Structures are given as C-alpha cells and as structure tokens.
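Here is a short briefing on one protein chain. Look at the sequence and the structure first, then read the points by topic.

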Amino acid sequence: MTTKLITGTSLQLLRRYDKKSELDRAQLLENDGPSYIHVFISILRDIQKEDTVEYVLALIDDMLTANPKRSKLFHDKTLADEDIYEPFLRLLWKGSWFIQEKSSKILTSVVSARPKQNGPNSNGKATDSKKKITASDDVLKGLVEWLCIQLKKPSHPTRSIPASVNCLATLLKEPVVRSSFVQADGVKLLVPLISPASTQQSIQLLYETCLCVWLLSYYEPAIEYLATSRALPRLLEVAKGSTKEKVVRLIVLTFKNLLSKGSFGAQMVDLGLPQIVQSLKAQAWSDEDLLEALNNLEEGLKDNIKKLSSFDKYKQEVLLGHLDWSPMHKDPHFWRDNITNFEENDFQTLRVLLTILETSGDPRALAVACYDLSQFIQYHPAGRVIVTDLKAKERVMKLMNHENAEVTKNALLCIQRLFLGAKYASFLQV
C-alpha cells in the first residue's frame, strides 16, 4: 500500500477475506462479489511478485472450485471497464507451472461463463470504455495455442497433459475453439491419448479425451482429421475393454455421430464394431442413455451394411489390407457383377492387391490376394493382359515358394490361370 500498488479499500477487502473459512468467504462474495473480483484482478495486473501472484491465483481457484457459478461474477456490469481476461492470458506464458496451470483453469472457467447474448460486453468488450479490452475470441485463440503447446511439449511432466485436456473438454463446446484447435493440428495430439486406462487418474484423462473427441465429432473439418488418424481403432479398443459407463457412453455417441460420415461406416463394419456392440449390449449397464445409444448404433450399423454394395465392402477390405475368406471372394456372382468396377481410378483396387502381394506379412492376406488375382484373370475379358502389364507375374512367382501351404496353393492357381488363359482356367477350381 505504501508503494501505491494497492488502494486502502482493496487492502481492507483482502484482510476481511484472507484466512477465513469457506462459509465466511461465501457470505462475503454473496454480499460484495464483484468488488473482490476487482481487487484480485487489480493485484494480478499491477503486482509482478511471484508469491503474491500465486497467492491471489490460489484464492480465485479456491473460490471457483467451491462454486463454479461464481465465474459469472467476473461478468458483472460493474466490471464492464475492467479487462478481466488480460492478466490471466499474460500469466499463461510466464512464471512457474503453478501460475500457468491456475491461469489456464481460471481463464477457461471465466470465458465459458460469459453472457452469450449480443449487445454491450457480449464479446468481452465494453462499448463505452476508453481502455482496450481483450475480446473473448482472442482469449479463446490464445488459450488454444497454449493448450496445444502443452500437449506437444509439456511444461510439467505429469500435470501438463491432464490439465490441458481438462480445459479443452470445456472449451471445445465453442465453435471458435473447434476451428482454432483443428487449425493448430490439435486433433492428432489427442488421438494418442485414447488408450485403455487402469488408474483413477488415467480413467479421468481418458474420459475427458473422449469428451473432446465427441465434441469434435460435430465439426466437419475435425471429422476429416479423425478419418485419417488412428482414432477409430483406438476408440474401439477402449470400448471393448472399458468397464466405465461414462467412457463407453461417450465412445458409442461418437460412433453414432461418425457413422454416416465419409467412409466411417464401412470402416466400423470392417473393424468388427457390430460384434463389439453385441457384446456391449450383453453387459449389465445401469445407464439407460448408454443402452439407448447402443441400440441406435446397432440399427445404424445394420442400415449401413445394407447400403454398402458388395464391391464397396470388397474395396474397403482391400484398401485396409484386411483380406480374409469372406463369402464374396469365392462367389461367382460377385465377380461377374462387379468385374468392371475394378477398372475405376485406373485399376486402383487391383494395384492395391498387388501391393499386398509385395508387402504383406500375413499369410491369409497373401493367399486371398493370389486367389482374387486369379479370379480377376478369369472374369475380366482382358484380365491376363492387364495383370501382365502390371508386372504381377514376378510377384506371384515368388510366393510359389512361400512356407505357408495356403499361399503356395493360391499362387499356383494364379500362375496357371495367367498362363492358360480364361478358356482353360475355368476348369481349374481350388
């Protein structure tokens, strides 16, 4: 006070509040909440001393933890000329981890409690203020930038990631945050965090990560990122093994949102989600919302399977490299009806089949790929010529010496059809 960094009134208010019980503090905030907020913000704005800053941030954090609705006090009309965000936004980039973590938590809580209506102060700006006041959109963008940096290069070995995900689980409800987060390449930072959890702490982190992914599943640009990442198989893995209803419910709701988007439906079928839904339904969940979501997802998957043409399913199987003896491989109708579809995108499906022959280490996939190649030779009028042009013969010949009998048998069939041509090849059956 002697250095004029704090007024007499502020000192009086602080003394009244300091070292009091939560009950006494609640009464003080009830009677004069905005005045205390004004004192806290003034100190953070004008005093740089680290222990003072830490102390005031702890007071604010305790106040909001005891009752989150108190965030609304920051938006009281008597504080319209006060830049309520600036001190916290500045402190995100300065000082100890304690200061950074508390600032991010308080800022998330306060900016989320802002009034949503249009008009004065609706964007964190006061219309008649002479001072420059930080707009809420700038706060949200600054927060997202800091949170993404924490996910990429954590300042604290154990606290950075849980604290950041906790903030994002609240902030991603905001359209501007979803947009900034996707632009900052944030989606790929979340995906590795989707993994089975055992401890209470890791279960909470997993739940909040799944909450973030669910919120992002409503946003088209984020969906594109999720499609090209390992998000789907990771979510499936967690759903299979988790006993936490709140986690499973979020994952099921995310699947429901993604089912109709792009190739997600086909991928879900391919990854065995219909079977997982069956086993989840058989478990004794007490949450009715979860049971309803599982039923809805099951219906959606059934519709999706009906919609997927057999060639779409086949193509999906090939593109993902998950070849198995599903019925269509040996079905003459499938090959007769779909043989011209193999010509799409300059024989893309056929070329991927050849890549599987060269790169796969899975004997089943190799055997099926050889068999499918022999089917293509048999059913396509120019099958032999196309396959020869694509240099398939050398690849298949190598597989005739494979240690697995299923592979050698189908490689032999393929070579026979390649040399004999369609007229004689039709007599060769596996």
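**Briefing**

K391 is found in the loop between α21 (383-389) and α22 (392-399). Helices here are DSSP runs of H or I with at least four residues, strands are runs of E with at least two, and both are numbered from the N terminus. This is a predicted model, where local features need pLDDT of at least 70, side-chain atom pairs count only at pLDDT 80 or more, and totals for chains, interfaces and linings use all residues. Residues are numbered from 1 along each chain as its sequence is written, and side-chain values use heavy atoms, with hydrogens and water left out.

**Loop residues with positive phi**

- K391 has a positive phi of about 60 degrees, although K391 is not a glycine.
- K391 counts as exposed, at 53% relative accessibility. Exposed means over 50% relative accessible area, buried under 20%, and partly exposed in between (1.4 Å probe, protein chains only).
- K19 sits in the loop between α1 (8-17) and α2 (22-46).
- Phi of K19 is near 55 degrees, again a positive value in a residue other than glycine.
- K19 is exposed too, with a relative accessible area of 75%.
- Most residues other than glycine have a negative phi.

**Whole chain**

- The protein chain has 24 helices and zero strands.
- Its radius of gyration is 30 Å, whereas a compact globule of 430 residues would have one near 22 Å. The radius is taken over C-alpha atoms, and the globule rule is 2.2 Å times the number of residues to the power 0.38.
- The C-alpha trace spans about 105 × 45 × 40 Å along its principal axes.
- Of the 430 residues, 48% count as buried.
- The chain exposes about 21,500 Å², and carbon and sulfur atoms supply 52% of it. Accessible areas come from the Shrake-Rupley method with a 1.4 Å probe; for residues, only the protein chains shown count as cover.
- Among contacts between residues at least 6 apart in sequence, 68% join residues at least 24 apart. Contact means heavy atoms within 4.5 Å.

**Helix pair α6 and α7**

- Helix α6 (residues 136-152) and helix α7 (residues 160-171) pack at an angle of about 145 degrees, and their axes are 9 Å apart. Axes are lines fitted to C-alpha atoms, for helices over the stretch in contact, and angles run from 0 to 180 degrees between N-to-C directions.
- From α6, the contact uses L140, L143, L147, Q150 and L151. From α7, it uses S160, I161, S164, V165, C167, L168 and L171.
- By class, this contact has nine nonpolar, three polar and no charged residues. Ala, Val, Leu, Ile, Met, Phe, Trp, Tyr, Cys and Pro count as nonpolar, Asp, Glu, Lys and Arg as charged, and the others, Gly among them, as polar.

**Buried residues**

- F181 is found in helix α8 (residues 175-183). F181 is buried, with a relative accessible area of 0%.
- F181 and L147 are 34 residues apart in sequence and 9.2 Å apart in space, C-alpha to C-alpha.
- Leaving aside neighbours within four places in sequence, F181 has contacts including V144, C148 and L168.
- M63 lies in helix α3 (residues 50-66). M63 is buried at 1% relative accessible area.
- Not counting residues up to four places away in sequence, M63 touches Y17, L29, I37, F40, R70 and F74.
- S217 lies in the loop between α10 (200-216) and α11 (220-227). S217 counts as buried, at 3% relative accessibility.
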